[in-house]
Each structure stands twice: as structure tokens, then as C-alpha cells.
Amino acid sequence: MSAAEGPLVVGVDTSTQSTKALVVDAATGRVVASGQAPHTVSSGAGRESDPRQWWDALGDALGQCGEAARQAAAVSVGGQQHGLVTLDAQGEPVRPALLWNDVRSAPQARRLIDELGGAKAWAERTGSVPSASFTVTKWAWLTEHEPESARAVKAVRLPHDYLTERLTGAGTTDRGDVSGTGWWASGTEAYDEQILARVGLDPALLPRVVRPGEVAGTVRDGHGLPFSKGTLVAAGTGDNAAAALGLGLRPGVPVMSLGTSGTVYAVSQHRPADPTGTVAGFADARGDWLPLACTLNCTLAVDRVAALLGLDREAVEPGTDATFLPFLDGERTPNLPHSSGLLYGLRHDTTAGQLLQAAYDGAVHSLLGALDLVLDADADPSAPLLLIGGGARGAAWQQTVRRLSGRPVQIPEARELVALGAAAQAAGLLTGEDAAAVAQRWNTAAGPVLDAVERDEATLDRITGVLSDAAPLLARNADSS
């Protein structure tokens with residue numbers, strides 16, 4: 001390892017399936033060491049993980065970073081949003097965490113919307129209309145289905161909060177991640193006591209919301225990780241807000257993230273409140289807003305289709321009129337939590353490669369349908385779409401997004417943007433800079449730009465038509481849940 005120009009910081013990304021750690025030179029943004037370790041997610045009706053696995057994975061990932069991690073002066077944790085972490089009086093999990101893609105709370109989401117004034121009232125109050133992904137609906141599900149577990153809970157945390165608290169000993173969160181719970185009012189930037197009362201959650205069980213740029217705490221003794229006691233710990237944030245920091249994102253620049261879930265978002269200086277529920281009115285980690293639309297089925301769903309067809313994920317072929325809606329885990333955008341995958345238009349001459357391309361088209365269609373709602377009205381329609389996440393490196397994803405969006409597509413060379421954004425947040429504690437300014441100084445968004453091509457309106461219209469016609473079928477199981 002060559003000598004660093006400035007102090008070292010650690011950025012962590014605790015995602016759905018693994019935890020990653022980067023040791024970064026705060027002066028230059030150079031990654032001097034990295035590590036990654038997996039954790040498991042349950043299958044079946046729910047999607048759950050044991051939070052203790054995240055802590056063990058963090059230790060493994062930091063161990064892979066070697067001596068560089070021990071030299072870090074500050075650390076920050078970015079993490080998967082919405083997950084419900086329930087802790088007992090000793091700080092141990094009462095039960096496995098309910099993850100963002102656990103959609104069992106769809107009936108509770110519908111009931112809460114009705115009980116508290118409808119979708120428009122929720123959007124005005126919290127910035128978002130709760131879906132089965134949101135933490136508030138998961139807590140309502142827990143109290144209804146596992147009341148003994150709910151009574152044993154002495155602290156409620158989000159995934160990134162859990163790791164931060166194990167580092168510092170203090171229960172904290174940030175405005176970016178807490179804005180995805182459904183119990184934080186975006187207008188007042190405070191916990192909403194009426195919503196909490198409705199779901200029977202004592203606000204004393206919730207963490208303190210740390211302000212942007214504020215130190216959340218310092219590393220305490222006995223953590224077992226390669227940090228010195230007293231190392232600064234930043235507030236951390238949710239994964240999408242962390243990625244926005246990692247890009248140094250400016251207002252009006254659109255982002256599409258292709259991971260286990262797919263997201264489109266942009267920084268805005270206007271507080272969002274979409275009554276349709278398509279756009280979640282999240283806060284960012286700096287003081288602005290991060291209107292965002294999320295799909296449950298992205299790279300993992302398309303990879304599953306490729307595996308079923310016996311194809312490499314890049315083995316797509318053009319020229320089909322088949323439509324594939326890859327809603328393998330239910331769907332959030334559009335809001336069809338009980339749906340499954342749907343194939344329409346199969347012919348004798350349809351090839352496996354064409355079916356795979358249709359799955360890519362179906363996944364991207366859902367994201368692009370929300371892009372105009374995410375962007376402010378005065379946003380530049382010709383601005384390049386920043387393509388990030390694991391799928392952004394795949395040629396099939398790149399070309400599908402390019403063809404269906406009609407925009408130029410820029411692919412930042414920087415990888416692990418969630419962890420890099422967390423590192424920028426940690427660096428800001430040391431330098432006094434805004435975290436996005438740190439990332440801009442690191443030039444993290446630099447990368448090749450693919451020129452715009454004519455938008456494939458025929459494919460978009462075909463998928464829209466099939467989705468509209470099939471919506472009653474895709475939603476059919478909702479009333480029986």
C-alpha cells in the first residue's frame with residue numbers, strides 16, 4: 001500500500017446480500033483497501049436476515065482490509081433501507097430483521113393508508129404513501145402476527161442504525177434513512193406521534209435523528225473490530241442517499257441504479273409529495289430531498305430468467321414481440337405486491353435470447369415509467385442518465401436502458417458508490433466539507449458516456465398495454481391476503 005496523502009476513512013455498505021467495506025484516502029478518494037463478506041436472506045413467504053450476520057460480515061470485510069482499517073480516523077455506514085430491526089433490553093435481536101423486499105405487510109399498508117386519511121394525506125404528511133416495503137407497515141404486521149415478539153421489543157432500528165449503534169453504543173439514525181420508515185414527517189422533520197400511536201410504537205424506542213454533518217459518536221471499547229477507541233462515527237444513511245453522496249449528485253441529474261432492486265432518483269430542493277405513491281419523498285443525507293421510485297425486481301430477477309433459460313445474462317437477441325413482466329418477488333412500482341412474473345406473446349419462432357431481452361425490457365420499463373415523476377419540471381431532458389449498481393457494468397443492461405430511455409447514458413467508473421458515499425460522509429467529519437462536495441472533489445461521477453439513440457416507443461407502448469390489460473390478474477391475490 002502506497003502512502004496516503006490524507007487521513008484514511010472507512011465507508012461501509014451493508015446491503016441485502018453482503019457487507020462491503022472500503023478504506024479511502026480522504027484527500028484523494030483513492031481506495032486503498034477493500035473487503036466483502038456475505039450474509040443470508042430467507043426464502044419463502046418472507047425475506048428476513050439475522051442482524052448479527054451483518055456485524056460478523058462487517059468484521060470479516062474489515063479484516064480483509066488489513067492494517068489500513070486500523071489507521072482510519074472516521075467511519076460511516078450506509079445500508080439497505082426500510083428493514084425492521086427489533087432489539088431487546090440487551091441490544092440483541094428479538095427476531096430476524098424484516099427486509100425491504102418482504103411484502104407480507106401489504107394488507108397493513110392498505111389499512112394504514114385508509115385509517116389515516118388516504119394516500120394524499122400520507123404524501124403530504126410523510127412525503128410518501130406507504131407500501132409493503134416501508135418500516136411502519138412491517139411494524140404493524142409484527143404487532144398483528146407476532147404480538148409476543150412486539151411486546152419484547154425495547155428498541156427499533158434500521159439496518160444501518162444497528163451497525164452504527166454497535167460501534168458507538170448510542171441509538172442514532174439520519175434524515176435520509178428515517179424518511180423511508182413512514183413514521184417520520186417530512187414537513188416538520190420529526191417523528192409523527194399520531195402515526196406512531198396508530199401502530200402502537202412508543203417513540204422512546206426510536207433512535208435520535210442526527211443532523212447532516214454531525215458526529216453520531218465515537219467507537220467504543222469492546223467492539224472487536226480493527227478501529228481505535230475514539231474513532232469518529234458519522235451518522236450514516238440509507239443506501240440510495242449514500243450512493244447520491246458517492247456521486248456528489250447535483251439537483252436535476254437523473255440516476256438509475258440497477259441492483260437486486262432497481263431505483264431511479266434525483267436530488268431536489270423541493271420537498272416531494274406524490275399522492276399516487278409511485279415516487280417516495282425521501283430526504284437526502286445533506287439537507288435536500290431525494291425523490292425516488294423503486295422496483296423490487298431488477299438484476300436478480302433477470303438473472304433468474306437467464307438461469308431458467310440456460311443462458312448467460314448477456315445472451316440477448318433482438319426482434320421479439322413477446323412481453324415479459326419479471327415481477328418474480330411481487331412488485332412495488334407498479335404497486336402489485338402479490339403479482340408474479342408474466343409472459344405474453346410467445347410464438348413458435350420466439351427464441352430464448354429474445355425472451356431474455358424481453359425480461360430486460362420489462363424491468364427497465366418499470367423504472368423509466370417513474371423517471372419523469374422523479375425529476376423536477378425544469379430538469380434538463382437531455383442530461384445524461386447516470387447508470388450505477390451491479391447491472392450498470394453489463395452490456396445488455398446498458399443497451400436496454402439506452403434504447404428505452406432515449407437519453408445519453410453515463411457510466412461512472414467509480415464502483416461501490418454506497419460505500420464510497422459513506423466514506424465521503426466520514427471524510428466530511430474530518431475536513432468540515434459537505435459530503436457531496438468531497439465526492440465532487442474526488443471526481444467520482446467521471447466515466448464514459450454512451451450517446452443517445454432514438455427511443456424505442458413501440459416496445460414501451462407494447463409493455464404498457466400488456467401491463468394495463470393484465471393488472472387485474474396481477475392484483476388478483478391481494479384481497480385474499
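Colleague: By class, how many nonpolar, polar and charged residues does the lining of the largest pocket have?
Modeller: This is a predicted model, where local features need pLDDT of at least 70 and side-chain atom pairs count only at pLDDT 80 or more, while totals for chains, interfaces and linings use all residues. Residues are numbered from 1 along each chain as its sequence is written, and side-chain values use heavy atoms, without hydrogens and water. Ala, Val, Leu, Ile, Met, Phe, Trp, Tyr, Cys and Pro count as nonpolar, Asp, Glu, Lys and Arg as charged, and the others, Gly among them, as polar. On that basis the lining comes to 14 nonpolar, 19 polar and 10 charged residues.

Colleague: Which residues lie nearest the centre of that largest pocket?
Modeller: A pocket is an open set of points on a 1 Å grid where a 1.4 Å probe fits, with protein on both sides within 12 Å along at least five of seven lines, and lining residues have an atom within 4 Å of a point. Here 43 residues do the lining. Those nearest the centre are Lys 20, Leu 258, Gly 259, Gly 389 and Gly 390.

Colleague: And which residues lie nearest the centre of the second largest pocket?
Modeller: Its lining has 20 nonpolar, 11 polar and two charged residues. Of the 33 residues lining the second largest pocket, the ones nearest its centre are Arg 332, Thr 333, Pro 334, Asn 335 and Leu 336.

Colleague: How are α12 and α16 oriented to each other, roughly parallel or roughly perpendicular?
Modeller: Helices are DSSP runs (H or I, at least four residues), and their axes are lines fitted to C-alpha atoms over the stretch in contact, with angles from 0 to 180 degrees between N-to-C directions. Helix α12 (residues 352-374) packs on helix α16 (residues 457-474) at about 80°, axes 10 Å apart. Since 65 to 115 degrees counts as roughly perpendicular, α12 and α16 are therefore roughly perpendicular.

Colleague: Which residues of α10 meet α14?
Modeller: The axes of these two helices cross at roughly 70° and come within 7 Å. Contact means heavy atoms within 4.5 Å, and α14 brings Leu 417, Val 418, Leu 420, Gly 421, Ala 422 and Gln 425 to it. From α10 come Asp 239, Ala 242, Ala 243, Leu 245, Gly 246 and Leu 247.

Colleague: How many aromatic pairs does the structure hold?
Modeller: Rings of Phe, Tyr and Trp (its six-membered ring) pair if their centres lie within 6.5 Å, and planes over 60 degrees apart count as edge-to-face. The number of aromatic pairs is three.

Methods:
Parallel < 35°, antiparallel > 145°, perpendicular 65-115°, else oblique. Phe/Tyr/Trp six-rings, centres within 6.5 Å; stacked < 30°, edge-to-face > 60°.
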